[in-house]
Amino acid sequence: MALVEAGLRLARTGGPSAVVLRAVSREAGVSHNAAYRHFAGHQDLLAAVAARCMEQLGVLMTERTALVPPDEPVPRAWARLAAIGRAYLDFALTEHGWFRTAFSGAATHGGAPAGPHPDGGPRPEHDTDPYTLLGARLDELVAVGALPAARRPGAEYAAWSAVHGLAGLLVDGPLRDLPADEVQVAIETVLAAVARGL
């Protein structure tokens with residue numbers, strides 16, 4: 001939809017505050033009133049743009065996972081988990097507007113519960129929902145014997161909280177002026193702590 005695409009463009013440079021009906025309508029080349037045929041108001045539009053920003057994050061996570069070279073199953077599973085963590089942080093650091101927007105209008109998580117797919121198989125690899133992608137990586141760790149099944153329930157909360165917390169500190173918090181080499185130290189330290197905690 002043209003309005004969401006326009007909102008996505010505005011969010012990339014201006015964050016969630018740039019996603020307003022009048023500006024998005026102008027960017028899309030439609031009348032302000034036309035926007036109300038598709039969205040009840042600002043929050044509906046922001047939620048739709050936030051969903052697309054979250055999808056962009058998921059696409060990057062998927063791309064980075066695909067770059068992990070074939071290896072023995074256990075090291076590969078750990079490398080794939082680290083790859084999505086790095087992708088998440090890279091997205092936050094390079095796409096400030098989309099990162100802020102993704103979480104400003106994000107809907108509450110209403111997907112399938114964490115753990116194996118309801119049919120008993122693995123989660124689909126083509127899904128671009130970051131929460132689902134994280135669940136798939138954790139499920140993979142269990143499948144290859146790197147993570148005891150008893151420790152899997154709830155692991156996504158700890159992993160996501162650690163990485164998102166660091167992202168927030170680096171983008172908008174007291175670590176935003178950290179030198180580039182220290183940013184890398186922070187990233188590797190947090191990802192290592194997540195792996196140890198699992």
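Because the model is predicted, local features need pLDDT of at least 70 and side-chain atom pairs count only at pLDDT 80 or more, while totals for chains, interfaces and linings use all residues. Residues are numbered from 1 along each chain as its sequence is written, and side-chain values use heavy atoms, with hydrogens and water left out.

The protein has nine helices and zero strands, where helices (H or I, at least four residues) and strands (E, at least two) are DSSP runs numbered from the N terminus. Along the sequence the pattern accordingly reads α-α-α-α-α-α-α-α-α. Of the 198 residues in the protein, 41% are buried, a term that stands for under 20% relative accessible area, with exposed meaning over 50% and partly exposed the range in between (1.4 Å probe, protein chains only). Among contacts with a separation of 6 or more, 64% are made by residues 24 or more positions apart, a contact being defined by heavy atoms within 4.5 Å.

Rings of Phe, Tyr and Trp (its six-membered ring) pair if their centres lie within 6.5 Å, and planes under 30 degrees apart count as stacked, over 60 as edge-to-face and the rest as tilted. By this rule the count is six aromatic pairs. One of them joins Tyr88 and Trp160 in an edge-to-face arrangement, at 6.1 Å centre to centre and with 80° between the planes. This pair links distant parts of the chain, since Tyr88 is in helix H5 and Trp160 in helix H8, 72 residues apart. Tyr88 counts as buried because its relative accessibility is 4%. Phe91 and Trp98 also form an aromatic pair, here stacked, with 6.4 Å from centre to centre and 25° between the planes. Phe91 has 3% relative accessibility and therefore counts as buried. One aromatic cluster is formed by Tyr88, Phe99, Phe103, Tyr131 and Trp160.

The second largest pocket comes next. Rolling a probe the size of a water molecule over the atoms shows where empty space is left. On a 1 Å grid over the protein atoms alone, a cavity is a set of points where a 1.4 Å probe fits but cannot get out, whereas a pocket is an open set with protein on both sides within 12 Å along at least five of seven lines, and lining residues have an atom within 4 Å of a point. The second largest pocket holds about 240 Å³ of space, the volume being that filled by probe spheres set on the points, which are joined across faces, edges and corners. Its lining comprises 18 residues, of which Leu81, Ile84, Gly85, Val163 and Leu191 lie nearest the centre. Helix H5 (73-94), helix H7 (130-143), helix H8 (155-171) and helix H9 (180-197) each supply at least two lining residues, and H5 gives the most, with seven. By class, the lining has 17 nonpolar, one polar and no charged residues.

Leu166, in helix H8, is buried because its relative accessibility is 6%. Leaving aside residues up to four places away in sequence, Leu166 touches Leu89, Leu175, Ala186, Ile187 and Val190; Leu166 and Leu89 are 77 residues apart in sequence and 7.9 Å apart in space, C-alpha to C-alpha. Val194 lies in helix H9 and counts as buried because its relative accessibility is 13%. Apart from neighbours within four places in sequence, Val194 is in contact with Ala159 and Ala162, and the C-alpha atoms of Val194 and Leu81, 113 residues apart along the chain, are separated by 9.8 Å.

Notes: Nonpolar A, V, L, I, M, F, W, Y, C, P; charged D, E, K, R; others polar.
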